[in-house]
Amino acid sequence: MTGFDFPGLLAFWGKRSDDILTLVGEHLLVVAIALLLATVIGVGVGLLVWNSPVGRSLAVTSAAVILTIPSLALLAAMIPLFGLGWVPTLIGLTLYSLLPIIRNTVVGLREVSPAIMESATGMGLAPGAVLLRIQLPMAWPVIVTGVRVAAQLTIGIAAIGAYVGGPGLGQMIFQGLSSLGSKNALNYALTGTLCVIILALIVDGLFTLITRYTTSKGLRA
Amino acid sequence: MTDPTTDTGGSRILGGRPSEATIRTTTTITTVKNTSGAHIELKNVNKVYGDQAVAAVENFSMNVNPGELVMFVGPSGCGKTTTMKMINRIIEPTSGSITVDGREVLSLDPNELRRHIGYVIQQIGLFPHMTIAENISVVPKLLGWSKEKTKNRVDELLSVVQLDPRTFAGRYPKQLSGGQQQRVGVARALAADPPVMLMDEPFGATDPITREKLQVEFLRLQETIGKTIIFVTHDFDEAVRLGDRIAVLSDRSKIEQFDTPANILRAPANDYVASFIGHGAALKRLALIPLHDALLGRAADARGTASVVETDSLRDALDLLVLTGLPAIAVTDAAGRTVASVSVEQISAELGEDSGGLPERSEARS
């Protein structure tokens with residue numbers, strides 16, 4: 001194994017900058033699409049089950065079980081169904097994102113005080129309107145926090161997507177790992193890992209802004 | 001349910017409050033009140049919860065006149081809130097009939113019904129993610145009012161509850177004090193000009209000073225809007241101060257007495273009611289009688305420099321008499337001219353005359 005060579009790493013970045021940026025872009029895209037899908041599904045499921053004790057424990061427990069499946073195993077299991085590439089990666093990431101989103105949606109909707117629910121009902125809002133116009137906006141900051149947790153989770157897991165031919169920085173890490181001993185092996189693995197970490201930090205910061213601009217001023221602390 | 005603006009001839013004598021200016025008044029006290037309220041009738045209403053053997057509300061019947069402010073008073077758990085909440089079907093009655101202006105409440109769509117019944121609860125329940133203006137606009141929007149009409153109504157209502165629309169319309173509930181939030185709660189309930197208001201201890205969570213201020217404002221407001229109001233409280237003094245009539249309730253929402261504050265204070269129907277009034281029934285009655293309603297002495301009899309205004313209550317006068325130790329003090333009109341005098345004897349006589357002889361019960365307790 002070759003030792004760490006910092007000037008060599010810099011030279012590697014200079015030479016491969018186009019590749020690195022493409023992979024960062026892919027990584028971000030696959031995470032973003034998965035989060036979007038998981039948010040739509042997770043919030044939808046949350047809205048359906050929040051008020052049913054059986055429904056919500058079923059939903060939360062199922063999502064929790066999915067999260068316990070090792071990512072490598074889950075991705076591999078999807079190869080016979082969806083082949084290689086983007087699709088199994090997207091599906092895997094979406095499934096992993098469901099737990100924090102469903103759980104936070106249910107918690108957020110249930111946190112709305114009975115007094116507010118009663119005054120909404122007393123004003124003549126139908127149950128659906130109470131849910132969508134009162135509870136959902138009030139639960140929104142909690143839901144966004146769930147999506148944020150899911151983002152952290154999936155940015156890491158997305159790297160493993162390369163195992164099933166998925167897009168993103170995982171390709172770089174796997175290339176490094178599979179060519180151990182070669183000149184650029186460490187540079188590949190190190191660059192991929194560093195980019196994943198930096199991406200996670202940037203996305204987390206982004207969510208601070210998203211929370212801020214999508215939450216009513218009346219709900220901010 | 002459309003807005004049934006019931007015109008009961010434009011005039012109404014207020015139950016427990018000054019009815020006529022009887023003596024030495026220079027200003028005419030108006031008893032004319034515009035009533036936009038509806039008539040409410042509850043007939044043999046029962047509420048039994050699930051498997052419980054004992055009813056929460058048993059055979060409750062009551063007539064509430066248009067524009068009347070009826071107070072439900074009783075201890076916690078007596079069913080007063082349950083009874084009130086059956087009117088807008090937050091709680092569904094097990095049996096019986098409830099009509100608002102002759103229409104059977106149980107036959108109406110509950111959401112449509114509730115849009116025409118103002119509802120104020122103790123915790124207020126303002127929507128924290130909406131501005132004050134948005135909170136008040138919820139029902140008008142549901143009813144399909146135009147933007148223009150809704151905005152004007154919001155401004156009007158904020159002014160009515162003494163909050164400057166320019167300052168408060170764009171604020172969020174958390175930026176308001178408890179008293180201000182409670183005012184917004186009342187404004188929101190009034191948004192679509194409902195003929196009926198249901199109020200569940202609306203001032204219960206505020207501090208005593210704010211509460212008294214809100215009560216005074218609320219009375220003044222009710223003078224002009226004349227809604228039919230059911231007001232639940234466990235505070236008998238609040239009931240006396242605000243109510244046209246008071247229903248004293250015991251377990252299973254049984255009506256122990258239903259009468260004007262003055263009549264209940266003068267002649268409690270039984271020991272239960274008497275215990276609810278507590279001590280000092282005579283003083284509470286004095287607080288209900290303004291000086292211009294009482295038979296007073298000559299202006300020349302007044303001693304000292306202390307004086308009360310004729311719109312003050314006999315209780316205020318007694319307070320000053322005790323404080324100064326004078327035999328009689330001056331009563332002035334709004335312009336500050338002495339128009340009469342009042343002494344302890346005259347105050348006592350007023351209580352005796354008002355009650356038509358000394359009542360056994362209040363006598364026995366004092």
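In strand β9 of chain B, B:Arg245 is the bridge partner of B:Val70, and this pair belongs to the four bridges that join β3 (residues 69-73) to β9 (residues 245-250) of chain B, two strands that run parallel. The model is a predicted one, in which local features need pLDDT of at least 70 and side-chain atom pairs count only at pLDDT 80 or more, whereas totals for chains, interfaces and linings use all residues. Residues are numbered from 1 along each chain as its sequence is written, chains are lettered from A in the order in which they are written, and side-chain values use heavy atoms, with hydrogens and water left out.

**The sheet of chain B**

Strands (E, at least two residues) and helices (H or I, at least four) are DSSP runs numbered from the N terminus, and two strands pair if DSSP finds at least two bridges between them. Six strands of chain B form an open sheet of mixed pairing, in the order β6-β7-β8-β3-β9-β10. Because β6 (117-121) and β10 (254-259) of chain B stand at the edges with a single partner strand each, one side of each is left without a neighbour in the sheet. From one strand to the next the twist averages 15 degrees.

| Strand pair | Sense | Bridges |
|---|---|---|
| β3(B) and β9(B) | parallel | four bridges |
| β3(B) and β8(B) | parallel | five bridges |
| β7(B) and β8(B) | parallel | five bridges |

Within β8(B), B:Phe231 stands opposite B:Met71, and B:Ile230 is the bridge partner of B:Leu198. In a regular strand the side chains alternate between the two faces of the sheet. B:Thr228, B:Ile230 and B:Val232 point one way from β8(B), while B:Ile229, B:Phe231 and B:Thr233 point the other way, and all are buried (under 20% relative accessible area, with exposed over 50% and partly exposed in between, for a 1.4 Å probe and protein chains only). Helix α7 (residues 208-225) of chain B lies across β3, β7 (196-200) and β8 (228-233) of chain B and runs at about 160 degrees to β8(B).

**A helix pair in chain A**

The axes of α1 (residues 6-49) and α7 (residues 170-178) of chain A come within 9 Å and cross at roughly 125 degrees, which makes α1(A) oblique to α7(A) (angles under 35 degrees count as roughly parallel, over 145 as roughly antiparallel, 65 to 115 as roughly perpendicular and the rest as oblique). Such axes are lines fitted to C-alpha atoms, for helices over the stretch in contact, and angles run from 0 to 180 degrees between N-to-C directions. The contact (heavy atoms within 4.5 Å) is made by A:Ile20, A:Leu23, A:Glu26 and A:His27 of α1(A) together with A:Gly170, A:Gln171 and A:Met172 of α7(A).
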